[in-house]
Amino acid sequence: PKQHGPAPLRGLLYDTGGHADFRRLVASRVTSNPGDKVERIEVAFSDGAQDLDRILRVTTKDSGNSLLVSKRPSHHMATAYGLKEGQMVLKVNALEWPTFDGHQLLREFKTAMRPVFL
């Protein structure tokens, strides 16, 4: 049977593209449609991304207690994972904002077994 979803323990997403498109393994993929007001990406972090929490910040309660990429990521992080300063993290594994606040998302990112999916 064909495996759907990420490759086990590799931190990769299985991207089928369109029906007439190719299939590939990637570390990140754009999930929004062209023309959407907000660009959404899905990212799989493996063991090599454990220091990412240094560039993440939880906003104040007035700003929704969300989780942001608050510092410019390294060239490797930007290239491999599509990360940019100012992006908001909406989901870490099964935890989704705003049901779970930024503190809970950050804790999940720091403590979850790899790979971690945002």
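I looked up Lys84 and found it partly exposed, at 47% relative accessibility (buried is under 20% relative accessible area, exposed over 50%, partly exposed in between; 1.4 Å probe, protein chains only). The model is predicted: local features need pLDDT of at least 70, side-chain atom pairs count only at pLDDT 80 or more, and totals for chains, interfaces and linings use all residues. Residues are numbered from 1 along each chain as its sequence is written, and side-chain values use heavy atoms, with hydrogens and water left out.

I then listed the salt bridges (a side-chain nitrogen of Lys or Arg within 4 Å of a carboxyl oxygen of Asp or Glu) and found 2 in the structure.

The side chain of Lys84 forms a salt bridge with that of Glu39, at 3.7 Å from N to O. Lys84 is in the loop between α1 (75-81) and β7, and Glu39 in the loop between β3 (28-30) and β4 (41-45), so this pair ties together parts 45 residues apart in sequence. Helices (H or I, at least four residues) and strands (E, at least two) are DSSP runs, numbered from the N terminus. Glu39 is partly exposed at 48%.

I also noted the salt bridge between Lys110 and Asp53, at 4.0 Å from N to O. Lys110 sits in helix α2 and Asp53 in the loop between β4 and β5, so the pair ties together parts 57 residues apart in sequence. I read Asp53 as partly exposed at 23%.

Last, I checked the sheet: it is open, with 3 antiparallel strands in the order β5-β6-β7 (strands pair if DSSP finds at least two bridges between them). Its edge strands are β5 (56-58) and β7 (88-89).
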